[in-house]
Amino acid sequence: METPTEVEHEAGVLALAKSEKALSEGKLLVIHYKCDSFNAEVCKARGIAVKDVARGTERYFDCMGDEASGLEEFRAYAVEHANHTWLHWNMRNEQFGFPHIEKRMRACG
């Protein structure tokens, strides 16, 4: 396993501090995103799950039947919770993650 660089370590420490602050303020959301195969030419969203850590509640946005509807429901939720910290696992690129969700929203109109 590779050792993180000093910059990566510093970024991790800052992210942890931000998450701990959000948790203490009751504003920490954990997100999991499900999509088609990464190798598909058009990789559709299949579902998005969000857990509000402070409240212990979970919300699932189903995109299996009507991708556009599920993504619109998620968009409204994300806008409503814009002042929260979103904890995720590597959802940073066009192929998978928040940029990909935005791309699918544009494609769905």
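Among contacts in the protein chain between residues at least 6 apart in sequence, what share joins residues at least 24 apart? The share is 43%, where a contact means heavy atoms within 4.5 Å. The model is predicted: local features need pLDDT of at least 70 and side-chain atom pairs count only at pLDDT 80 or more, while totals for chains, interfaces and linings use all residues. Residues are numbered from 1 along each chain as its sequence is written, and side-chain values use heavy atoms, with hydrogens and water left out.

The protein chain holds three helices and four strands, in the order α-β-β-β-α-β-α from the N terminus. Helices (H or I, at least four residues) and strands (E, at least two) are DSSP runs, numbered from the N terminus.

The four strands form an open sheet with the order 3-2-1-4 and mixed pairing; two strands pair if DSSP finds at least two bridges between them. Strand 3 and strand 4 (85-87) are at the edges with a single partner strand each, so one side of each has no neighbour in the sheet. From one strand to the next the twist averages 25°. Strands of a sheet pair through backbone hydrogen bonds, either parallel or antiparallel. Strand 2 and strand 3 are joined in the antiparallel sense by six bridges, and Lys51 stands opposite Glu58 in strand 3.

Helix 2 (residues 67-80) packs on this sheet and touches strand 1 (28-35), strand 2, strand 3 and strand 4; its direction makes about 145° with that of strand 3. Helix 3 (residues 98-108) lies across strand 1, strand 2 and strand 4, at about 60° to strand 1. Axes are lines fitted to C-alpha atoms, for helices over the stretch in contact, and angles run from 0 to 180 degrees between N-to-C directions.

Arg104 belongs to helix 3. Arg104 counts as buried because its relative accessibility is 11%; buried means under 20% relative accessible area, exposed over 50%, and partly exposed in between (1.4 Å probe, protein chains only). Leaving aside residues up to four places away in sequence, Arg104 touches Tyr33, Val42, Cys43, Lys44, Ala45, Glu67 and Leu71. Of the 109 residues in the protein chain, 29% are buried.

The accessible surface of the chain is about 7600 Å², with 54% belonging to carbon and sulfur atoms (Shrake-Rupley method, 1.4 Å probe; for residues, only the protein chains shown count as cover). Val53, in the loop between strand 2 (45-52) and strand 3 (57-62), is partly exposed, with a relative accessible area of 31%.
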